[in-house]
Amino acid sequence: MTKLPIVAAITVATSALAQRPANVSICDHYATALLGASNATTQKTLVALVVNTAVIGNYTTPNKLAVPGILAERAEYNGTTVSLLPYFNGALKSTNDGGEAGVSVNFLDDGGAEPLKMNKAADGMESNQYKLMSHLYSYFGHLLGCSALAGTKSSSDFPAYAGDKSMYETHKFMALNAYQVQYFIQQVGLSAASFGVATEDVTAVGEALQGYFGVKCAPETEIIMGQGKELQSICIAEGCPEAPDASCKAYGKVVKPEGTELDVEGGSDGEDSDPTSTGSPGGMPQETETKKSAGSTIGYSIVATGLVMVGLLSFFA
Ligand code: HEM
Ligand SMILES: *[C@@H]1O[C@H](CO)[C@@H](O)[C@H](O)[C@H]1NC(C)=O
Ligand SMILES: *[C@@H]1O[C@H](CO)[C@@H](O)[C@H](O)[C@H]1NC(C)=O
Ligand SMILES: *[C@@H]1O[C@H](CO)[C@@H](O)[C@H](O)[C@H]1NC(C)=O
Ligand SMILES: *[C@@H]1O[C@H](CO)[C@@H](O)[C@H](O)[C@H]1NC(C)=O
């Protein structure tokens, strides 16, 4: 376990976090509660703590609960095996670089988990890892209402989101299913909860993420104010719940990513037995595996059954 200077400050506050006033965003409130002040630096640190913990699993101490992490080699969601690592380490040709098909990119090319455990994005600043992690900090910073990113206020201390505005475009060659997306969202929620974020705040974030990204065929939506409407569905595979105001024609055909020589398992997603989604462009179709486990699921779910955007107000407050 890494005990970090910044985390020493967390110790002070985790025992009794004051309730969040309705007019203070989740980001600003927990920056103050956990890090003693709310400014661009602490807001970015707060988001980095939550994102890094969601990605690699819990590494700070003290914490309120264990987080397996998005990169966990073998995880489970609702009894189905989920393994998202192959989308991050180059094992799958699942990255959208603007072409007609996905390409293999290693996003763990600059230190992997080690710099993340020091609350950093990467060892350096020129890597795929640095770009992805810093984009995630900004994106989640906007989602969590960090005031340092509001309007035109962002600064080099916490820059505004500069990545692709369409989460569909970013994720489309990953062909993600409901188990994978809900597992990801669950890790974000567990991460927040591990720092003492109140259950209602965790739930609001989980519901908003599920409502925006966990449904297929969602119509064009503006997520970050000022960025315009774009397609945002990340869950696009067979079995993903459909958005209430579905606009399926706006989306392309879902094609599962081909593996590379790194893809030792020949398939990495959870349940997916839809034969129409297995064709790979000009290559061998991916083997699909369904591993229903008898074991228990991680005993904590932030994903509510209703997909309505409950909690969006507190989300953006
Ligand atoms: C559910 C909510 C999710 C949100 C809000 C989200 C958000 C983002 C954002 C903001 C980026 C950076 C895009 C850019 O730099 O232009 C990104 C990239 C990425 N995401 Fe997600 N994501 C989500 C779910 C997932 C899931 C379930 C996976 C599963 C594998 C995933 C895998 C990736 C990968 C591999 C990248 C790098 C792709 C690239 O930069 O081209 N994401 N995501
Ligand atoms: C939130 O509301 C309280 C009480 O009405 C007020 O004192 C405070 O200044 C407000 N905070 C912000 C950030 O607007
Ligand atoms: C932000 O708050 C921290 C903690 O109080 C402080 O050390 C830092 O100087 C502040 N940064 C800015 C830019 O105000
Ligand atoms: C993660 O959290 C759990 C529960 O608090 C703890 O037992 C475990 O040691 C933590 N793991 C790390 C690597 O900090
Ligand atoms: C997982 O279980 C929860 C709770 O029963 C349910 O709401 C959700 O739709 C399930 N998700 C998947 C992908 O099976």
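In the predicted model, an oxygen atom of ligand 1 lies 3.4 Å from an N or O atom in the side chain of Y161, a polar contact being a pair of N or O atoms within 3.5 Å, where within protein one atom must be able to donate a hydrogen and the other to accept it, and residues adjacent in sequence count only if both atoms are side-chain atoms. An oxygen atom of ligand 1 is also 2.8 Å from a backbone N or O atom of D164, and a nitrogen atom of ligand 1 is 2.9 Å from a polar side-chain atom of H171. H171, which is placed in helix α7, is moreover the only protein donor of the iron atom of ligand 1, through NE2 at 2.0 Å; donors are N, O and S atoms within 2.8 Å of the metal (3.2 Å for Na, K and Ca), and water is not among the atoms, so sites may look incomplete.

Ligand 1 is surrounded by 23 residues, the closest being Y87, H135, Y161, D164 and H171, where a residue counts as near if one of its heavy atoms lies within 4 Å. This shell comprises 16 nonpolar, 6 polar and 1 charged residue (Ala, Val, Leu, Ile, Met, Phe, Trp, Tyr, Cys and Pro count as nonpolar, Asp, Glu, Lys and Arg as charged, and the others, Gly among them, as polar). Helix α6 gives the most to the shell, with 5 residues, helices being DSSP runs of H or I with at least four residues and strands runs of E with at least two, numbered from the N terminus.

Ligand 1 sits in the largest pocket, in the sense that more than half of its atoms lie within 2 Å of the grid points. A pocket is an open set of points on a 1 Å grid over the protein atoms alone, where a 1.4 Å probe fits, with protein on both sides within 12 Å along at least five of seven lines, and its lining residues have an atom within 4 Å of a point. The lining of the largest pocket consists of 32 residues, of which L132, L136, T170, H171 and M174 lie nearest its centre. Two or more lining residues come from each of α4, α6, α7, α8 and α9 (199-213), and α6 gives the most, with 8 residues. By class, the lining has 21 nonpolar, 9 polar and 2 charged residues.

Two features of the backbone lie in loops. The peptide bond from T61 to P62 is cis, with omega near 5°, and P62 belongs to the loop between α3 (40-56) and β1 (75-77). N119, although not a glycine, has a positive phi of about 65°, and N119 is found in the loop between α5 (113-116) and α6.

Residues are numbered from 1 along each chain as its sequence is written, while chains are lettered from A and ligands numbered from 1 in the order in which they are written. Local features need pLDDT of at least 70 and side-chain atom pairs count only at pLDDT 80 or more, whereas totals for chains, interfaces and linings use all residues, and side-chain values use heavy atoms, with hydrogens and water left out.
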